[in-house]
Amino acid sequence: MKKFLFVILLTIIFCGTALAWKTPRWGYFPLNVYIQDHPKKPIVEKAFETWQTASGEIVTFRMKDSKLASSLHVKFDDKNPRVQKKDFSNAVGLAVTQSPLGFYSKADLTIFLLSPQTGRTLNDKELYEISLHEIGHALGLPHSSSRGDIMYPDLHGQTYISGNDLNMLKKIYLPD
Ligand SMILES: [Zn+2]
C-alpha cells in the first residue's frame, strides 16, 4: 500500500492577466515560519534548513514564535488520518496554499505522526521525508514522477533534495 502525500492548492485568482508567472510563488524571502511547539519540531526545522542550504539560499526562512508574525505555518496531527481525514485516507502530509494574484500569501502544512494504514508511529526519518516534501509543495513544487526526487508522491525512504527537485525550484524562482 502506498502512502500518498497530498497537496491541496487553493488558488484564488482575482485577475488572470495579473498572473505573470506560470506557477504560484512567494514574492519575497525570507519567509517567516511558525512551527507548532512539539517534540518533533526540530525535524521540521532541519528540513527548512536543508531547503535553504540545498537551494543556495534561493529560498530562505526565518523561524518565528508567533503564528501571527508568520505566513507559513506547520502543525502536527497525531490522530489516525484514516479515521479523521476520510478524504485523504492515505495522506501522511498536507500542504494548503493560498495564492491571490499568483503569489502565495499563506501556506499551512500538516505533518501526520501516524501511519494511515496501520496507525503505527512514523519514525523520525519518515517525518523528515514528509517535511521536505510538504515544504516543497509550500514553495510551489508539483509532484515528480521520478522516485529519485523528494517530490515523488510516496514515502520511499528519501532524505535528500535531488538535482531535479532543485531545477524545478529554479524554474519558479529564477526564470529566464
Ligand atoms: Zn505531495
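With 27 C-beta neighbours inside 10 Å, Ile130 counts as buried (buried means 20 or more other C-beta atoms within 10 Å of a residue's own, exposed means 12 or fewer, and partly exposed is in between, with C-beta atoms placed from the backbone). Ile130 sits in helix H3, which makes H3 a handy place to start. This is a predicted model, where local features need pLDDT of at least 70 and side-chain atom pairs count only at pLDDT 80 or more, while totals for chains, interfaces and linings use all residues. Residues are numbered from 1 along each chain as its sequence is written.

**The chain overall**
- The chain has four helices and six strands; these are DSSP runs numbered from the N terminus, with helices (H or I) of at least four residues and strands (E) of at least two.
- Reading from the N terminus, the order of elements is β-β-α-β-β-α-β-β-α-α.
- Of its 176 residues, 32% count as buried.
- Take the contacts between residues at least 6 apart in sequence, and 70% of them join residues at least 24 apart; a contact here means C-beta atoms, placed from the backbone, that lie within 7 Å.

**Helix H3**
- Most of H3 is covered, with 13 of its 15 residues buried.
- Gly140 follows H3 and has a positive phi, near 110°.

**How H1 meets H3**
- Two packed helices are described by the angle between their axes and the distance between the axes.
- For H1 (residues 41–54) and H3, the angle is about 45° and the axes are 9 Å apart; axes are lines fitted to C-alpha atoms, for helices over the stretch in contact, and angles run from 0 to 180 degrees between N-to-C directions.
- That makes H1 oblique to H3 (under 35 degrees is roughly parallel, over 145 roughly antiparallel, 65 to 115 roughly perpendicular, and the rest oblique).
- On the H1 side, the contact is made by Ile43, Val44, Lys46, Ala47, Phe48, Thr50 and Trp51, and on the H3 side by Asp124, Leu127, Tyr128, Ser131, Leu132 and Ile135.
- By class, this H1–H3 contact has nine nonpolar, two polar and two charged residues (Ala, Val, Leu, Ile, Met, Phe, Trp, Tyr, Cys and Pro count as nonpolar, Asp, Glu, Lys and Arg as charged, and the others, Gly among them, as polar).
- Pro42 lies in H1 and is exposed, with 11 other C-beta atoms within 10 Å.
- The C-alpha atoms of Pro42 and Tyr128 are separated by 9.6 Å, though the two residues are 86 apart along the chain.

- The peptide bond from Phe29 to Pro30 is cis, with omega near 0°.
- Pro30 belongs to the loop between strand S1 (6–10) and strand S2 (31–35).
- Glu57, not a glycine, has a positive phi of about 65°.
- The loop between H1 and strand S3 (61–64) holds Glu57, and Glu57 counts as exposed with 12 C-beta neighbours inside 10 Å.
- Leu101 is another non-glycine with a positive phi, about 60°.
- Leu101 is in the loop between strand S5 (93–98) and strand S6 (106–112), and with 15 C-beta neighbours inside 10 Å Leu101 counts as partly exposed.

Definitions and conventions:
Two residues are in contact if their C-beta atoms, placed from the backbone, lie within 7 Å.
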